[in-house]
Amino acid sequence: MIAKTLLKKIFFGLVVVFYTLFLIVYATPVYAQRINSSGYTIIFPNVNFSAGNPSSAGYDLSTTVGQLAAKQFSSSGYIVKAGFQYLHSIIPFTFSISDISIDLGSLTPDTPSTATTTLTVTFGGAGQYQVTAVEVGPLTTLSGGDTIPDTSCNGGAQTCTESSAHVWTSSTAYGFGYNMSGNDIPADFVNSTYYRPFADSTAPENPVTVMSNSNITESSISTVTFKANVSNIQPAGSYQTVIKFVATPSF
Amino acid sequence: MKFEIGKIKPMNTHIQNKKSIKKFLLTLLLFIFIFQISNLKSNEVFAQQITLSISPPLTEAVIKPGKSILVAYTVSNIGDPVVLSSGVRPFVPQGQFGDLIVEEEFSGPIRFNLENSNIKLSDSFFLPTRQGQQLLLKIRVPEGTPEGDYYYTFFVKNEPGNFLEGATSSQATAVVGSNILITVTESGLVDVQGGIGQFGVIPKYQLTFLGKKFSFFESTDTIPIVLVLNNKGKNLIKPYGTIDLKGNFGERAEFDLIPQNILSQSSRMVIATPSAQLSDVQSSVNLSGFFVGKYTLNTSLNFGIGTENLTSTMSFYAIPFKVIIATFVALAIGILLVKKIGKEE
């Protein structure tokens with residue numbers, strides 16, 4: 001009987017200790033998640049020494065002292081502010097394509113051919129950006145007589161569009177398209193079997209976003225895999241097109 | 001005799017050493033020659049890498065009709081030597097996350113030209129590796145230009161290379177742009193018509209009771225707050241203000257809004273700092289910590305000196321589901337143990 005009472009006491013004591021420990025461990029103050037990486041931490045991402053908005057009847061000049069990249073000046077009749085007024089980075093907006101010549105080789109009917117290139121965006125601490133892609137017409141022979149149409153992926157329930165990727169695994173599904181993998185890519189590229197056709201500026205169709213980040217970006221890297229598959233009735237020839245990747249910071 | 005042998009032996013060794021050195025040197029030369037040949041051959045075909053940067057990434061200008069300004073851009077080539085050209089196209093904002101579409105054709109009343117002596121807009125120019133080029137863009141607002149906002153992207157792009165012979169191929173063109181936001185006004189006054197479009201949390205659990213919606217979270221969840229602002233005016237605006245959090249035990253936190261541009265006739269989800277989107281959920285600010293009970297969120301903002309202050313309030317509840325479940329499990333196990341020991345006794 002004494003042992004039972006003792007066990008009960010121990011048990012309830014343990015519960016109290018457990019609760020106290022839990023509260024000590026988890027009861028941290030409320031805070032917002034901070035911008036950080038292995039290389040840096042930005043607690044308040046504005047590194048000016050001072051800032052203000054002096055104005056008079058003739059002009060309005062917002063100053064940001066202590067910055068390196070953004071500059072601004074004012075004069076009668078105009079105000080110019082260069083750079084992001086709330087965030088000043090010494091790392092410029094940089095866009096890179098690892099290989100601009102995408103060689104799909106000699107195409108064999110019913111045998112898909114692929115080639116890859118890597119896109120890299122570097123943007124210091126200044127944040128939002130996007131990369132769009134558009135083709136200047138479908139893959140076309142030099143004479144312009146024959147084309148390889150843009151892919152519809154496997155077709156049927158697995159039909160892809162310029163803004164929605166789908167599975168393209170069938171060797172009898174023909175066309176030209178691309179897959180994306182890596183950072184900041186659209187969510188519909190579920191894996192390496194998901195493809196989209198490029199938007200065609202000659203259609204005319206609007207460019208489609210292939211990389212974007214509405215957050216702070218240090219360096220984002222993605223891989224574009226180009227794929228072409230032709231049937232045995234596709235006329236022989238060298239088919240070519242230009243793919244335009246447009247990288248812009250946000251506003 | 002022994003003496004003679006001993007005298008001749010070192011000489012033979014010396015000759016042998018010399019031969020060995022000669023052989024070694026010849027082999028080395030042969031290797032170097034083969035390496036050079038193979039290296040030359042491998043250099044015949046190489047991937048052309050394009051890496052371009054542009055600065056400043058954004059230019060905002062308020063200009064009277066009839067005035068012009070000059071903006072100096074620096075374009076740098078960090079990749080292989082490249083032939084570039086520059087241009088200006090209008091852009092339109094897309095969605096709520098600061099996306100945009102650069103149009104294919106030029107339109108609008110604003111006039112652009114390069115003031116460089118040797119480079120004009122759309123002219124090709126060569127930029128070697130690790131070299132920069134300053135481009136002086138003149139922006140002119142002709143007399144009679146209607147008041148309002150005009151949005152453009154100044155860009156540089158590489159000229160597509162030659163297509164590969166006898167192969168199906170595509171040439172990629174890298175275009176790197178910098179946005180230009182121009183407000184044309186005669187008086188210097190701008191049209192401020194901003195409003196709060198959405199303010200709330202993205203709830204993990206939601207309960208509707210008597211027509212009211214209640215948002216719930218587990219106490220350890222990250223809480224994403226969304227603040228979307230609308231601009232119905234004809235000029236861009238910037239928000240200045242805070243998002244405040246109040247807990248029922250007196251906890252308080254304040255987050256400053258980043259004064260991002262909300263372009264004319266568009267909406268934008270603004271970001272508060274310090275914050276970062278570390279999850280897939282797009283949000284203005286993510287709260288993390290241990291929350292218990294009712295919390296009230298309040299935003300108070302304006303669009304510059306002399307503009308109306310806008311406010312919005314909402315609340316959410318955080319319940320420690322995990323702790324409750326763990327307690328029940330612990331209690332159940334404890335009771336079972338006590339009962340079992342009691343029976344044994």
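Two strands are counted as paired if DSSP finds at least two bridges between them, and strands themselves are DSSP runs (E, at least two residues), numbered from the N terminus. With that in hand, here are some notes on this predicted model.

1. **A pairing across the chains.** Strand β9 of chain A (residues 101–103) runs antiparallel to β10(B), and 3 bridges join them. One place to look is A:Ser101, whose bridge partner in β10(B) is B:Gln171.

2. **The interface.** Here 80 residues of chain B are in contact with 78 residues of chain A; contact is called when the C-beta atoms of two residues, placed from the backbone, lie within 7 Å. On the chain B side, β10(B) gives the largest share, 11 residues. That side has 42 nonpolar, 31 polar and 7 charged residues. In this scheme Ala, Val, Leu, Ile, Met, Phe, Trp, Tyr, Cys and Pro count as nonpolar, Asp, Glu, Lys and Arg as charged, and the others, Gly among them, as polar.

3. **The sheet.** You will find an open sheet of 8 strands, paired antiparallel, in the order β17(A)-β20(A)-β10(A)-β8(A)-β1(B)-β3(B)-β8(B)-β6(B). Within chain B, 4 bridges join the antiparallel strands β1 (residues 50–55) and β3 (residues 68–77). B:Leu52 stands opposite B:Asn77 in β3(B).

4. **Domains of chain B.** An automatic or database domain assignment sets the bounds, dividing chain B into domain 1 (52–159 + 174–184) and domain 2 (194–324). Their C-alpha centres lie 35 Å apart. The contact between them takes 9 residues from domain 1 and 12 residues from domain 2. On the domain 1 side, β9 (148–158) and β10 (169–184) of chain B each give two or more residues, with the largest share, 3 residues, coming from β9(B).

5. **Confidence.** Chain B has a mean pLDDT (the predictor's confidence in each residue, from 0 to 100) of 86, and 89% of its residues reach 70 or more. For the complex, the predictor gives an ipTM of 0.76 and a pTM of 0.76.

6. **Conventions.** Residues are numbered from 1 along each chain as its sequence is written, while chains are lettered from A and ligands numbered from 1 in the order in which they are written. Local features need pLDDT of at least 70 and side-chain atom pairs count only at pLDDT 80 or more, whereas totals for chains, interfaces and linings use all residues.
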